[in-house]
Amino acid sequence: MSIDAVAEATRAQGQAAHPHVSVFVTANAGSGKTKVLVDRIARLLLEGSKPSAFLCITYTKAAAAEMQRRLFERLGGWCVADDKSLAAELEKLGADAADLPRARALFAQALETPGGLKIQTIHAFCERLLARFPLEANVPPGFDIADEARSAALLGDARAKAALSDGGQRDAFRRFAKRLYSDHLEGLLDRLALRRAEFHRFAQKHQGELFAAQALRERHGVTQNAEDYTRAFLARWRWSELRDAANALSEGSVNDSKAGERLRAVLACVEANDQAGAMLACFAFALTGEGKLRASFVTAGTQKTHPWLEPVIRTFAEAAEEARDTLNAIERAEDAVAALALALKLDEAYGSAKSRAGVLDFDDLIEHAQALLQRSEAAPWVLYKLDCGLDHILIDEGQDTSPAQWDLITPLQNEFFAGAGARDRERTVFSVGDPKQSIYAFQGADPERFLAESQNLATRVQAAEKQFKAPELRTSFRSSPEILQAVDETMKGKPLIAGPGAHDVTVHLAARAKEGGVVEVWPFTPKPVIADAEPWDAPMDMERESSAHVVLAKRIAKHVKAMIEAREAVWEKGALRPMRAGDVLALVRKRGAMFRELIKAFKREKLPVAGADRMVLRDELAVQDCLALMQVALDPADDLSLACVLKGPWCNLTSDDEDIFPLAYDRGGERLMD
């Protein structure tokens with residue numbers, strides 16, 4: 001039986017927007033999440049809720065601005081709509097179609113509300129909360145928020161202090177500095193800085209750094225350090241017996257003699273008391289170049305002559321293999337302990353820098369607000385003050401909300417349905433998100449927690465004998481049925497979320513069922529065979545198809561141009577029209593080689609292209625030309641910058657160096673400017 005996608009969407013959106021029901025919505029991409037939020041706020045306002053009684057939290061400033069824009073656009077339209085149009089819209093919304101005066105007054109009411117409608121990010125909410133209760137939250141009154149640039153500067157100073165500090169942190173830094181190049185070392189410190197709060201919580205959980213380090217070693221199954229383990233391992237063996245084994249091997253075949261030489265290398269290191277060298281020699285004796293245990297140590301002929309030899313050597317070799325694995329585990333454990341020490345020092349130094357500057361960063365906002373609402377002595381009073389001003393909580397993009405952020409919101413929700421909070425006035429919680437679209441795991445987003453919160457909310461609401469719904473918005477208003485079907489088939493049978501309550505089944509319905517689309521899967525583009533080198537006098541700017549990115553980008557550009565020239569039809573508002581360049585959106589995985597080649601290929605085909613959606617100014621050629629000119633103005637003796645200017649668009653010398661070579665060659669020590 002076919003499903004009416006639009007009818008299902010209307011029904012589900014109506015449930016989600018109902019003003020008297022707490023709702024937890026899971027929604028596919030393009031299913032109208034923002035519209036449902038705006039509809040719900042509009043209906044709550046029509047029911048008499050005050051604009052100041054809303055707390056609407058979304059994930060980004062752009063999303064908050066878009067939601068506010070749509071809401072004011074809706075309310076502003078009601079102000080000027082005629083009676084018939086307004087009544088029809090209210091009826092479609094599910095509200096009282098006769099209450100026209102209230103609908104027209106909502107726009108002015110929202111504008112005149114002190115502080116306006118509270119549509120904001122979670123960080124903006126925390127900032128307001130801490131600014132309202134600074135003493136209770138133990139933060140400086142009038143604190144500033146450190147933006148990304150200021151946070152990066154403070155964190156840079158903290159990194160330097162962590163690297164140069166005395167004690168275990170310096171040893172930890174040296175441990176990584178011995179093995180990593182500068183860029184990789186910088187990258188490691190950046191990652192530690194990003195996760196420093198998690199390291200801090202881990203240390204707190206284990207009552208300090210010392211016990212946390214021991215927990216890391218136990219997690220790796222380690223009880224000794226490398227030096228003690230090596231000493232104990234080497235003390236296990238009767239080296240006189242192994243020396244006899246090496247002598248017996250030297251009497252055998254060529255392969256036996258090679259094994260004997262490897263064993264003598266072990267004995268030489270042991271006699272020289274070189275423990276590290278002895279372990280490396282043990283591994284070389286027992287393991288192949290791929291790190292696997294050698295299949296044979298004694299040939300059949302030698303084994304017949306010396307039957308005792310094979311068991312002795314194999315026991316030693318198997319023990320060496322086990323020692324290799326243990327030492328690797330010790331190495332990993334010590335790396336983890338060193339990372340813990342650096343991260344804790346980073347966190348300490350960064351915290352001190354923020355305290356001196358009197359600023360809080362975004363993580364601090366969450367942490368202090370959570371402590372204020374859950375762990376401080378003033379928490380009951382703060383929750384009471386907040387509870388008096390809130391009637392409705394709305395959470396957008398719930399799949400990107402981290403556990404710490406959920407823990408922050410939970411006390412506010414609990415007040416709605418327990419004790420004095422469960423009063424007669426209708427109070428609701430609304431959350432919407434799509435666990436399939438959770439892309440902020442690096443910032444702590446947890447889709448499993450999002451699904452678990454649905455059960456938690458249902459339990460709280462039902463305990464308070466209120467209404468709860470969990471509609472699912474499956475209908476996409478954005479994509480054609482062929483695209484949605486391709487997505488569903490691709491993800492069929494694949495677990496999207498691990499753990500209990502896994503969201504494994506993906507079903508998309510298409511509102512644009514009659515607007516057909518096409519999904520093309522192109523074959524893999526191999527790297528082209530590079531032709532022989534060109535003659536030395538070939539033009540330097542001659543194009544070469546030397547990479548798969550270039551080949552594929554040209555194919556895509558030619559294909560798009562052919563579609564436009566053939567006036568292929570596309571859908572717009574239910575009608576077909578000829579395709580234009582503005583109908584094409586090129587998506588790439590990252591801003592790498594393919595990204596740049598696509599832009600160049602579109603421009604070569606004379607297609608109007610908007611260009612990159614984001615750029616690094618210093619990497620653009622035009623900006624580099626300007627910087628070179630400024631450098632020459634500041635320092636005329638900078639020959640390299642002057643040569644760049646001469647070759648750039650300012651002087652337009654030829655690309656084959658015929659103009660600049662006579663100027664630059666054999667100058668007798670003079671500056672190029674002279």
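1. Strand 2, residues 54-58 of this predicted model, is mostly covered, with 5 of its 5 residues buried. F54, C56 and T58 point one way from the strand, while L55 and I57 point the other way, and all are buried. In a regular strand the side chains alternate between the two faces of the sheet.

2. The pairing of strand 2 involves two partners discussed here. With strand 6 the pairing is in the parallel sense and extends over 4 bridges, and within it I57 stands opposite I395. With strand 3, residues 119-121, strand 2 is joined by 3 bridges, again with the two strands running parallel, and here the bridge partner of T58 is T121. I57 and T58, which take part in these two pairings, are also among the buried residues of strand 2.

3. D400 lies in the loop between strand 6 (392-395) and helix 21 (403-417), and strand 6 is the strand that pairs with strand 2. D400 counts as buried because its relative accessible area is 6%, against a cut-off of under 20% for that class. Setting aside residues up to four places away in sequence, D400 touches Y59, Q405, Q437, S438, I439, Y440 and A445. The side chain of D400 is also joined to that of Q399 by a polar contact of 3.3 Å. As for its distance from F176, the C-alpha atoms of D400 and F176 are 33 Å apart in space, and the two residues are 224 apart in sequence.

4. K573 sits in the loop between strand 12 and strand 13, in a hairpin that has 2 residues between the strands. The flanking strands, residues 569-572 and residues 575-578, run antiparallel and are joined by 4 bridges, with E572 standing opposite A575 of strand 13. At 84% relative accessibility K573 is exposed.

5. Helix 13 (residues 226-234) and helix 16 (residues 275-286) have axes that come within 10 Å and cross at roughly 65 degrees, and the crossing is left-handed. On the helix 13 side the contact is made by E227, T230, R231, F233 and L234, which meet Q275, A278, M279 and C282 of helix 16. By class, the residues of this contact divide into 5 nonpolar, 2 polar and 2 charged.

6. Which residue's side chain makes a polar contact with the side chain of R474? The partner is E8, at 2.8 Å, and R474 itself is placed in the loop between strand 9 (472-473) and strand 10 (475-476).

Notes: Residues numbered from 1 in each chain as written. Predicted model: local features only at pLDDT ≥ 70, side-chain atom pairs only at ≥ 80, totals over all residues. Heavy atoms only, no water. Polar contact = N/O pair within 3.5 Å; in protein donor to acceptor, adjacent residues only side chain to side chain. Axes fitted to C-alpha atoms, helices over the stretch in contact; angles between N-to-C directions. Left-handed = near helix turned anticlockwise from the far one by under 90°. Contact = heavy atoms within 4.5 Å. Nonpolar A, V, L, I, M, F, W, Y, C, P; charged D, E, K, R; others polar. Pairing = 2+ DSSP bridges. Buried < 20%, exposed > 50% of the residue type's maximum accessible area, 1.4 Å probe, protein only.
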